[in-house]
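This report is meant to be read beside the sequence and the coordinates.

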Protein chains: 2
Amino acid sequence: MTGDTGPTLGETGEWGLLAALHRRLPQGPGVEIGPGDDAAVVVAPDGRSVVTVDLLVDGVHFRRDWATPHDIGIRAAAASLADVAAMGARPTALVVGLAAPPDLPTAWALRLADGIRDEAATVGASLVGGDVSASSQLVLSVTALGDLQGRRAVTRAGAQVGDRVAVAGRLGWAAAGLAVLRRGFGSPRALVDAYRRPQPPYTAGVRAAAAGATAMCDVSDGLLADLGHLATASGVGVDIWAHRLDPAEPLLALAAAYGREPLPWMLTGGDDHALVATFPPDGSLPEGFRVVGAVVAREPDRAEEALVTVDGRLWAGSGTGHEHYR
Amino acid sequence: MTGDTGPTLGETGEWGLLAALHRRLPQGPGVEIGPGDDAAVVVAPDGRSVVTVDLLVDGVHFRRDWATPHDIGIRAAAASLADVAAMGARPTALVVGLAAPPDLPTAWALRLADGIRDEAATVGASLVGGDVSASSQLVLSVTALGDLQGRRAVTRAGAQVGDRVAVAGRLGWAAAGLAVLRRGFGSPRALVDAYRRPQPPYTAGVRAAAAGATAMCDVSDGLLADLGHLATASGVGVDIWAHRLDPAEPLLALAAAYGREPLPWMLTGGDDHALVATFPPDGSLPEGFRVVGAVVAREPDRAEEALVTVDGRLWAGSGTGHEHYR
């Protein structure tokens with residue numbers, strides 16, 4: 001954001017920045033040693049730690065003129081926390097790396113950390129440490145740890161032919177919000193806010209694991225792309241039923257205004273961090289999940305991008321989702 | 001390095017790169033779920049995980065024309081593994097974020113991963129996952145997890161007046177090697193190699209913890225700077241005894257050749273990732289540690305940079321160590 005006043009990182013210095021950060025980071029009960037030492041120490045109650053890292057790069061994953069630093073912090077934390085949830089685990093802690101140019105306002109960096117801290121707090125996780133470095137491009141790395149609470153981790157590899165495919169959380173909202181921002185607008189607010197501050201269904205991951213989900217992943221590349229990863233890992237195919245995707249009112253309204261269909265946003269947008277899981281054919285689904293398709297037999301010799309069909313046919317829309325370098 | 005042939009990241013694509021990476025990453029016995037899912041699952045035998053992250057930025061922490069990608073991987077892994085060791089823990093796993101430009105040769109990225117994997121393997125740790133993103137500047141984030149094996153973590157905060165200050169590992173070798181590279185030379189090889197492939201005394205961290213070290217940190221900013229952090233956290237002062245630093249033969253030879261003293265490299269260089277720890281006045285030191293000074297009373301109202309003296313006097317050399325943005 002423009003209009004920041006006060007010192008820059010170059011004026012505050014690394015150690016001044018770290019000291020200011022540490023004062024803003026209350027630590028939860030699962031943290032034995034928090035920020036300020038060579039490393040943090042976090043409890044791992046069942047003797048295992050889930051661990052994942054996500055990068056956010058200025059100009060690639062976010063634009064500083066499209067969101068506040070607090071919002072960017074929320075998005076950054078959400079990406080990693082959702083990965084933990086997608087294993088069926090409860091997030092416990094984050095560590096963050098911030099590479100940033102010396103002319104970045106110190107207040108911007110502190111508000112970014114506030115956003116990460118606040119999003120982590122929504123699931124009871126603490127920001128326990130990090131590293132900062134000078135760089136020309138702003139790059140953020142968020143590592144999340146999680147606690148499986150004694151359960152088996154739900155991987156991408158267990159889906160069985162005949163399983164139901166179910167989604168928790170929003171599909172397409174953030175992608176539609178991004179389409180709005182790309183046209184230079186700031187409303188409809190509900191969609192733009194969905195892009196700026198995603199609301200992943202964190203607790204649905206634990207519920208899915210407890211309910212016997214056979215496979216799960218978060219939707220970060222797009223529903224088709226992520227189900228492609230899941231189908232590959234499981235050795236199956238997936239068929240999505242378009243009528244079950246049921247676009248929400250803001251998506252329908254925006255699609256009408258832009259003279260296009262809402263379905264591509266829902267099939268290829270990833271920034272909402274929905275969870276998609278497969279469940280055995282019988283039994284009730286955990287709260288928050290809705291069926292959107294079924295696991296089908298894998299057709300021989302199909303490439304990953306052809307493992308997922310929509311109403312039995314290959315999707316002919318504009319790409320299957322986000323892949324870096326493509 | 002120049003001269004790379006073969007496809008670039010832009011040609012291989014994110015998913016092709018990830019698939020190639022996963023094939024090169026054997027997983028150790030402490031890994032329940034390795035690369036390729038939303039997150040990895042690593043054992044935490046005593047119900048706690050040590051966690052730390054370090055960033056390496058192209059042009060700041062390394063130069064691609066000064067080291068091979070395999071060496072840069074070794075240095076990146078060493079920085080985080082040494083932080084785990086400095087808590088008195090055994091490293092178990094790494095996750096890595098790689099933000100890199102699309103024109104980076106894919107082979108370069110794979111050899112970087114090989115270096116990280118190989119350095120982790122020296123301490124029995126596995127590279128269990130990561131994330132890749134497009135960017136204009138190459139930025140690497142390495143998160144390390146560790147196992148305290150039931151011991152109390154050794155923080156920076158426990159040093160007591162009268163404790164001995166002891167160091168394990170090299171001081172000043174990497175800084176001298178960097179001075180050589182900055183002048184455009186590639187030898188003496190021992191020093192340049194020390195910069196390119198540091199040899200942190202990883203196992204000395206566990207030995208120090210088991211022997212009752214009262215405080216410990218790794219030397220990443222420089223001995224004076226890191227002891228300043230330790231002294232601040234412990235509320236003490238530290239006096240270094242210059243005659244105990246005992247420069248090794250390659251440092252003496254280079255200093256003579258360059259017409260300067262070896263001491264500044266040893267007091268302000270950080271890239272060797274030595275460990276510095278404080279021990280009670282009596283008792284034998286663990287293998288690999290040598291006494292270099294003593295913990296003294298903190299003089300009132302002294303700033304952090306004045307908490308560490310050399311032979312009782314403030315160090316008047318060129319700075320106290322590396323601080324980003326300074």
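Predicted model: local features only at pLDDT ≥ 70, side-chain atom pairs only at ≥ 80, totals over all residues.

Residues are numbered from 1 along each chain as its sequence is written, chains are lettered from A and ligands numbered from 1 in the order in which they are written, and side-chain values use heavy atoms, with hydrogens and water left out.

**The interface of chains A and B**

Contact, meaning heavy atoms within 4.5 Å, links 72 residues of chain B with 72 residues of chain A. Buried area is the accessible area (1.4 Å probe) that two parts lose on being put together, summed over both; for chain B and chain A this comes to about 5500 Å², with 57% of it on carbon and sulfur atoms. B:W15, B:D38 and B:Y325 contribute 17% of the area that chain B buries against chain A, which is more than any other three residues.

A salt bridge is counted when a side-chain nitrogen of Lys or Arg is within 4 Å of a carboxyl oxygen of Asp or Glu, and the rule finds six of them across the interface of chain B and chain A. In one salt bridge between the chains, the side chains of A:E32 and B:R48 meet at 2.8 Å, N to O. A polar contact is a pair of N or O atoms within 3.5 Å; within protein, one must be able to donate a hydrogen and the other to accept it, and residues adjacent in sequence count only if both atoms are side-chain atoms. By this rule, 24 residue pairs, both at pLDDT 80 or more, are in polar contact across the interface of chain B and chain A. Helices (H or I, at least four residues) and strands (E, at least two) are DSSP runs, numbered from the N terminus, and strand β3 (residues 48–57) of chain B gives the most to the side of chain B that touches chain A, with nine residues.

One residue that reaches across is A:S133, placed in strand β5 (residues 126–134) of chain A. Buried means under 20% relative accessible area, exposed over 50%, and partly exposed in between (1.4 Å probe, protein chains only); A:S133 is buried, at 0%. Leaving aside residues up to four places away in sequence, A:S133 touches A:L98, A:A99 and A:A100, together with B:L55, B:V57, B:V60, B:H61, B:H324 and B:Y325.

**Helices and their surroundings**

Helix α3 (residues 106–121) of chain B has 16 residues and spans 23 Å from its first C-alpha to its last, close to the expected 22 Å, where the expected span is 1.5 Å times one less than the number of residues. Among its buried residues are B:W108, B:L112, B:I116 and B:E119, and the buried residues of α3(B) pack against elements of chain B including α1 (9–23), β4 (90–100) and α6 (202–210).

A polar atom of the B:T122 side chain is 2.6 Å from the backbone oxygen of B:E119.

In chain A, helix α2 (residues 69–85) has 17 residues, of which 16 are buried, so α2(A) is largely enclosed by the rest of the structure. In helix α2 of chain B, B:D71 is buried at 5% relative accessible area, and a polar contact of 3.0 Å joins the side chains of B:D71 and B:R197.

**Salt bridges within the chains**

Over all chains the structure holds 28 salt bridges. The table gives three of these pairs.

| Pair | Closest N to O | Relative accessible area |
|---|---|---|
| A:D58 and A:R64 | 2.9 Å | A:D58 16%, A:R64 27% |
| A:D118 and A:R117 | 2.9 Å | A:D118 29%, A:R117 23% |
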